[in-house]
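Student: Hi! Could you show me how to read a protein model, one feature at a time?

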Amino acid sequence: MAYDFNRILDRRNTHSYKWDQSERLFGSEDILPLWVADMDFESPPAIKEALVARASQGSYGYTIRTEGYVNAITGWFARRHGWAIDPKWLTDTPGIVPALSLAVELFSEPNGQVILQSPVYYPFYDVIRMNGRETAISPLVINNGRYEMDYDNLEQLMQGGAKLMLLCSPHNPGGRVWEREELERLGELCLKYGVIVVSDEIHCDVVLAGHKHIPFASLSEQISDLTLTTLAPTKTFNLPGLQSSFVAISNAELKRKFDYRLKALSLHMMHYFNIDAVTAAYNEGGEWLDEMLVYIKGNVDYAIEYLNEHLPQVKPMRPDGTYLLWIDCRGLGLDIAGLKDLMFNKAKVAFSEGSVFGTNGQGYLRVNLACPRSIVQEALERFCRAANAAT
Ligand SMILES: Cc1ncc(COP(=O)(O)O)c(C=O)c1O
């Protein structure tokens, strides 16, 4: 491997959301954090070089989009995902969650129902509820140890009047990379009931060997016309602090409304570092990503084997993609407070507690595996030792 993913980065005292809040959030500085979804790896060297060069210019004025930036995006999606994005479809946004929130505000009615599939990335609930809408929750069902969509339930929600759906593809926290047939079935329902879909594909590049991400909007022109796809290099290359993201909207009317509102909020300007980082990421980060995916797969295999051997009461769900491991810990017989106590006070690790992803996430934990294997090892040793002592 050309890149050293085993190297420990000391991220403490770097204003890190993950590493510098353990005391405040979990009660102790000694806690090993494997929760919020950023990586403990350095980004590809080309991105660092581009950012250092940009920073060294010393004058940090307003910034425009470049043709090179747009070409880097469209080139990446054509090469990696076989998806031809027309540059006209692209709008930049300062993060994906703001784009989800705007879409909810624009494409659903006050008090209207917005579909999500639980358990899911918790801001999905926030952007629906905090915009004065209602969550129409379609629980995913577990079949052969993995999540599947419940089409009958989805159809009922659409018949009941839901006109907007937030799709998480690939799925966080379950790690599913939805297959073409699954997405097509969903797409048929959305076409039948005129449901607009915001397909959050932020995890689209973190797909493990044997799986393939299918952009929802690439299924057909009709499906593309009812879809807003939220995209970013931030999970892929560990850039979430740059808040670089964009939305692809082929439907000109939807895009016009989206852009208008973005401008009304004056969120349409991008920050100084965005262009260079994103361009370097998509033009030069492919090889790094390929190696990173092999490393993540190694972490997944390691973690699953370790848990099977040392704590067989818990059942990890093997992810198709993402660097997140979703573990069914109901076998430990602990409630939410008990699981938190086990993690934070006894094991001194912080994973994400499952009920925040939905009521059907209760009893689960989500572990972020985008870190050196020695950290995964240390965290799992701490957790299993404490769990075995406590139960
Ligand atoms: C599904 C999903 N969407 C969005 C985000 C965050 O996006 P942003 O930081 O650009 O708002 C995450 C981060 O974990 C995520 O998992």
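Tutor: Helices (H or I, at least four residues) and strands (E, at least two) are DSSP runs, numbered from the N terminus. In this chain there are 14 helices and 15 strands. Keep in mind that this is a predicted model, where local features need pLDDT of at least 70 and side-chain atom pairs count only at pLDDT 80 or more, while totals for chains, interfaces and linings use all residues. Residues are numbered from 1 along each chain as its sequence is written, and side-chain values use heavy atoms, with hydrogens and water left out.

Student: How does the radius of gyration of the chain agree with that of a compact globule?
Tutor: The radius of gyration is taken over C-alpha atoms, and the globule rule is 2.2 Å times the number of residues to the power 0.38. For 391 residues the rule gives a value near 21 Å, and the chain has 21 Å, so the two agree. Along the principal axes, the C-alpha atoms fill a box of roughly 60 × 55 × 40 Å.

Student: Which domains does the assignment give?
Tutor: Domain bounds come from an automatic or database domain assignment. Here, domain 1 is 22-44 + 286-390, and domain 2 is 60-284. Their C-alpha centres lie 26 Å apart.

Student: How many residues of each domain are in contact with the other?
Tutor: Contact means heavy atoms within 4.5 Å. By that rule, 30 residues of domain 1 are in contact with 36 residues of domain 2. D320, T322 and F357 supply 25% of the area that domain 1 buries against domain 2, more than any other three residues.

Student: How many salt bridges are there between domain 1 and domain 2?
Tutor: A salt bridge is a side-chain nitrogen of Lys or Arg within 4 Å of a carboxyl oxygen of Asp or Glu. The count between the domains is 2, and the whole structure has 22. R11 and D40 form a salt bridge, their closest N and O atoms being 2.7 Å apart. That pair links distant parts of the chain, 29 residues apart: R11 is in the segment before α1 (22-26), and D40 is in the loop between β1 (32-33) and α2 (45-55).

Student: Where is R382 found, and what does it touch?
Tutor: R382 is found in helix α14 (residues 373-390). Leaving out residues up to four places away in sequence, R382 touches D30, L32, A347, K348 and V349.

Student: Which residues does a cis peptide bond join?
Tutor: Most residues other than glycine have a negative phi, and most peptide bonds are trans. In this model, a cis peptide bond joins S118 and P119, with omega about -5°. P119 lies in the loop between β3 (113-118) and α5 (123-129). Another cis peptide bond joins S169 and P170, again with omega about -5°. P170 lies in the loop between β7 (164-168) and α7 (180-193).

Student: And what is phi of N111 near?
Tutor: Phi of N111 is near 65°, a positive value in a residue other than glycine. You'll find N111 in the loop between α4 (96-107) and β3.

Key:
Buried area is the accessible area (1.4 Å probe) that two parts lose on being put together, summed over both.
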